[in-house]
Amino acid sequence: MSVHGRVVDGRGRAIGGAEVWLSAPFPAWAGGATATRSDGEGRFHLEHVPPTSSIAAHAPSFGPSALTDLDRISAAEKADGEVDIVLELLPGGGALEGVV
């Protein structure tokens, strides 16, 4: 399966340099890794993606996008073995302080 799409912020603005993360199905999702980075216009493209994978994105100063399970995307959206998705990054979080 081919997966292509864009990484954007909450206002739909492109986020270049975001890490697009690909993982195996649950419960192994924690074993995922960065598969590519978005270009200057937020676009990315992946080839030969297993259809049971999950995909997400993250970038500095933003919270991560929601995890998208590719096997939950409808057959109509997987036309010709291609999927087009938008990964929306969340607003940046706060700071964590403390002593360990």
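**R13 and D9.** I started with this pair: the side chains of R13 and D9 form a salt bridge, 2.8 Å from N to O. I count a salt bridge when a side-chain nitrogen of Lys or Arg is within 4 Å of a carboxyl oxygen of Asp or Glu. This is a predicted model, where local features need pLDDT of at least 70, side-chain atom pairs count only at pLDDT 80 or more, and totals for chains, interfaces and linings use all residues. Residues are numbered from 1 along each chain as its sequence is written, and side-chain values use heavy atoms, leaving out hydrogens and water.

I then looked up how covered the two partners are. D9 is buried at 7% relative accessibility, while R13 is partly exposed at 47%. My cut-offs are under 20% relative accessible area for buried, over 50% for exposed and partly exposed in between (1.4 Å probe, protein chains only).

**R43 and D39.** Here the closest N and O atoms of the salt bridge are 3.2 Å apart. R43 is partly exposed at 43%, and D39 is partly exposed at 30%. I also found D39, E41 and R43 linked in a salt-bridge network.

**D69 and R72.** This salt bridge has its closest N and O atoms 3.8 Å apart. D69 is partly exposed at 26%, but R72 is exposed at 72%.

**Whole chain.** I get five salt bridges in total. Buried residues are 31% of the 100 in the protein chain. I see nine strands and zero helices, going by DSSP runs numbered from the N terminus (strands E, at least two residues; helices H or I, at least four). The C-alpha trace spans about 50 × 30 × 20 Å along its principal axes.
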